[in-house]
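Welcome to this tour! Open your viewer, get your selection tool ready, and follow along one stop at a time.

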Amino acid sequence: MPVDNLSDFGGAVRVVKLGAHIGARIEGVQLGGGLDTRTIAAIRAALHEHKVIFFQGQQQLTEDGQYEFAELLGTPTTPHPTLSSAGSKSLAIDSQHGRSNVWHTDVTFVDRVPQASILRAVTLPSYGGSTTWASTVAAYRALPQPLKVLAESLRARHTNTYDYAGEGRAAQSNSDAYRREFESTYFETEHPVVEVHPETGERALLLGCFVKELVGLSGSESKALFQLFQQRITRLEHTTRWNWSLGDVAIWDNRATQHYAIDDYDGSEHRKLTRITLAGEVPVGVDGRSSTVIAGDAAAYAPADIARAA
């Protein structure tokens, strides 16, 4: 199994590669607010290269410790743009509120798409409940040149009014209330379909389940092209899957990935993880045009301008 030794950055930090395009396990780090700058630099470098990274054996981490660690990596957002009851530091990804078993990049319905998310396992089902991530960078790179040119010319409108519980799922009172709060303030933003990553310079497809339409196309054309590009993103070669254990933490580059929480556990089982997101910059397309707000003001969620990490 390929291993990168990052001891020059952070002591005994080791990066174990999990796939050719995405995923790595980080060893030799206990997460928290006391990490030194060299270790943080090693974690950031691994995140940029592998898109999603995993830490095991982090039982010492509390919500406060998770937040303090997040502050070392960037500027935490409020838990969510619309879920005001979520708490002050983290958002509970809780199966009692519904199951987001759809491919998505977090919070793309606002203009300032988060740069990264940090997810900590709190309660897990006795079976199932794993998460899969896909590299939107690898998906773009694998496109034939004519499709790259097409994707770079397109823009998509993203909104927070979508089927959060997943298609075909039976309605439940608690998930219905959660969805009403999720949609309580309407957000709509127009993003480039291909974003230029602000730190690595890589090009990535910016799509997912929040997409309402591709701009300038009919409904049928928009749906067909969306599915074409989305299917490229979720090809198995572009994905990695993590089977959670208590004490696990995952961090993913939200500007280079989509993810999917696999709904393969029964309703009697409970799954809860806590997520802290880091504020990001407004996406910019290959043509230099930034995303534009159609509706909603995300000022209370995250700052408008985020300085790039050193």
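Start by selecting Ala134 and Gln258: Ala134 stands opposite Gln258, which belongs to strand E15. Strand names come from DSSP runs, where a helix is H or I over at least four residues and a strand is E over at least two, numbered from the N terminus. Before going further, know that this is a predicted model, in which local features need pLDDT of at least 70 and side-chain atom pairs count only at pLDDT 80 or more, while totals for chains, interfaces and linings use all residues. Residues are numbered from 1 along each chain as its sequence is written, and side-chain values use heavy atoms, with hydrogens and water left out.

**Stop 1**

Now select strand E7 (residues 131-135) together with E15; they pair in the antiparallel sense over five bridges. Two strands count as paired if DSSP finds at least two bridges between them. Which residue of E15 is the bridge partner of Thr132? Highlight Tyr260 and you have found that partner.

You now have an open sheet in the order E13-E7-E15, with antiparallel pairing. Neighbouring strands here are turned by 20 degrees against each other on average, direction ignored. For such angles, axes are lines fitted to C-alpha atoms (for helices over the stretch in contact), and angles run from 0 to 180 degrees between N-to-C directions.

Is E15 largely enclosed or open? Four of its five residues are buried, so E15 is largely enclosed by the rest of the structure. Buried means under 20% relative accessible area, exposed means over 50%, and partly exposed is in between (1.4 Å probe, protein chains only).

**Stop 2: His259 and its surroundings**

Stay in strand E15 and pick His259. His259 is buried, with a relative accessible area of 7%. Show side chains, and you can find a polar contact between those of His259 and Asp106, at 3.3 Å. A polar contact is a pair of N or O atoms within 3.5 Å; within protein, one must be able to donate a hydrogen and the other to accept it, and residues adjacent in sequence count only if both atoms are side-chain atoms.

Next, select Asn101, in the loop between E5 and E6. Asn101 counts as buried, at 19% relative accessibility. Asn101 and His259 are 158 residues apart along the chain, and their C-alpha atoms are separated by 9.0 Å.

**Stop 3: the largest cavity**

How many cavities of 30 Å³ or more does the structure hold? There are four, and the largest has a volume of about 240 Å³. A cavity is a set of points, on a 1 Å grid over the protein atoms alone, where a 1.4 Å probe fits but cannot get out; lining residues have an atom within 4 Å of a point. Grid points are joined across faces, edges and corners, and a volume is the space filled by probe spheres set on the points.

Select Ile93, Ser100, His104, Asp106 and Arg275, which lie nearest the centre of the largest cavity among its 21 lining residues. Strand E5 (91-94), helix H6 (173-182) and strand E15 (257-261) each supply at least two residues of that lining. The lining divides into 13 nonpolar, five polar and three charged residues. Here Ala, Val, Leu, Ile, Met, Phe, Trp, Tyr, Cys and Pro count as nonpolar, Asp, Glu, Lys and Arg as charged, and the others, Gly among them, as polar.

**Stop 4: two positive phi angles**

Move to Val107, in the loop between E5 and strand E6 (116-123). Val107 is not a glycine, yet its phi is positive, near 55 degrees. Val107 is buried, with a relative accessible area of 3%.

Then jump to Lys51, in the loop between helix H2 (37-50) and strand E4 (52-55). Lys51 has a positive phi of about 75 degrees, although it is not a glycine. Is Lys51 buried or exposed? Lys51 is buried, at 3% relative accessible area.

**Last stop: a sheet of four strands**

Finish with the open sheet in the order E12-E8-E9-E17, which has antiparallel pairing. Its edge strands are E12 (211-214) and E17 (292-295). The twist averages 25 degrees from one strand to the next. Zoom in on E8 (residues 155-159) and E9 (residues 188-192), joined by five bridges, and look for Ala156 opposite His191.

Methods
On a 1 Å grid over the protein atoms alone, a cavity is a set of points where a 1.4 Å probe fits but cannot get out, and a pocket is an open set with protein on both sides within 12 Å along at least five of seven lines; lining residues have an atom within 4 Å of a point.
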